[in-house]
Amino acid sequence: MNGKRWLITGAAGFIGSHILEALMEAGQDVVGLDNLSSGFTRNIEAAVQKRTGNARFEFIEGDIRDPAVCERACEGVDIVLHHAAFVSVPGSLADPALTHAVNVDGFVNVLQAAKNAGARRFIYASSSAVYGDCAKLPSREEDSVRAKFLSPYALSKAINEMYAAAWSGIYASHIQCVGLRYFNVFGARQDPNGPYAAVIPRWIDALKNGAPVTIYGDGTSSRDFCYVKNVVSANMLAANASGDVSGQVFNIACGEKTTLNELFSTLKNRLGRQTSGCVHEPFRAGDIAHSFASIERARSCLNYKPIFSLESGIQDME
Ligand SMILES: NC(=O)c1ccc[n+]([C@@H]2O[C@H](COP(=O)([O-])OP(=O)(O)OC[C@H]3O[C@@H](n4cnc5c(N)ncnc54)[C@H](O)[C@@H]3O)[C@@H](O)[C@H]2O)c1
């Protein structure tokens, strides 16, 4: 990894700040780009505190919708880890134009700036949302071609994958693009507040405060929960993979399914809040009923294996 310069877009966000932390621990030279719309400078501060050796960090507060900002951020960069996005499924149904502007136009700006700056590899966050209504489980990467998308967010991530595959072909001698389809990532620094908060931080917060947790649906829907340190390792593997990974996408998950009812019991047990109850609300539009990944492709091409399970990830957060 040495001698490289990295760009993390969305560096102030949940996942971006964990990748930043790992790169700081490894003494790397990193530039972070974020407009702080859903990220926080405290995430960056926590990550940069872990710096060792010759680690260097430069922060650019700016918007990926501005091509000039993307060009500046990509100067001298070898590897781009693109994580900035409008991340909410319900939010994307409420504002598809904003979702498109950030997740598609912004994506193309970063991709093009990376290519023009001579970056060798462009790794980007895709999502299990691209499997849409596809009922076949476990989801294999090729299954997404049959999916009907359930939200503008899902569509935007699928369009990202098409751009990345096209750029990997058209500009094959310039840049290699690798997509990582994340499945329900959880971990420290994930914001429990706001209308779009993810289930694990929201429930941990409620349980710690003695409040009931809200389950959308009857609790039988399931997710493949993936601890954030698995995602960090997937990014490092994708950055360093020597095989022909360009233009490909990989599921990044644990390869295990957990119902929301099972998650509720696990969290209650771990946090010692046996008396806490739950309330059920209608299933939310845009949400998929079940997510469960095949991680075989990531295993064989990237040598990826989940280091943490749901339980050991929750334990690591404590
Ligand atoms: N968390 C998950 O479970 C999950 C699952 C699948 C995919 N992803 C993807 O992973 C990436 C990171 O997600 P996260 O969970 O860390 O979310 P996050 O909201 O914590 O991070 C996103 C970051 O992008 C920044 N950002 C948003 N719009 C921007 C813009 N126009 N210009 C510059 N910066 C901007 C935000 O301020 C934030 O810091 C996203 O691309 C998301 O779609 C996340």
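Arg42 lies over the face of Phe40, 3.9 Å from the ring centre. A charge counts as sitting over a ring if NZ of Lys or CZ of Arg is within 6 Å of the ring centre and within 35 degrees of the ring normal. The charged end of Lys115 likewise sits over the ring of Tyr171, at 4.2 Å from its centre. The model is predicted: local features need pLDDT of at least 70, side-chain atom pairs count only at pLDDT 80 or more, and totals for chains, interfaces and linings use all residues. Residues are numbered from 1 along each chain as its sequence is written, and side-chain values use heavy atoms, with hydrogens and water left out.

Aromatic contacts were examined next. Rings of Phe, Tyr and Trp (its six-membered ring) pair if their centres lie within 6.5 Å; planes under 30 degrees apart are stacked, over 60 edge-to-face, and the rest tilted. The count comes to 10 aromatic pairs. Phe107 and Phe122 form an edge-to-face pair, 5.4 Å centre to centre with 90° between the planes. Phe107 belongs to helix α5 (residues 96-117) and Phe122 to strand β5 (residues 121-127), 15 residues apart. Helices (H or I, at least four residues) and strands (E, at least two) are DSSP runs, numbered from the N terminus. Together with Tyr124, Phe107 and Phe122 form one aromatic cluster.

The ring centres of Tyr227 and Phe308 are 4.9 Å apart and their planes stand at 65°, so this pair is edge-to-face. Tyr227 lies in strand β10 (residues 226-227) and Phe308 in the loop between α10 (296-302) and α11 (310-317), so the pair ties together parts 81 residues apart in sequence. Tyr227 and Phe308 are both buried.

Strand β11 (residues 248-252) is mostly covered, with 5 of its 5 residues buried. In a regular strand the side chains alternate between the two faces of the sheet. Gln248, Phe250 and Ile252 point one way from β11, and Val249 and Asn251 the other way. Strand β6 (residues 176-182) pairs with β11 in the parallel sense over 5 bridges; pairing requires at least two DSSP bridges between the strands. Tyr182 stands opposite Ile252 in β11.

Methods: Buried means under 20% relative accessible area, exposed over 50%, partly exposed in between (1.4 Å probe, protein chains only).
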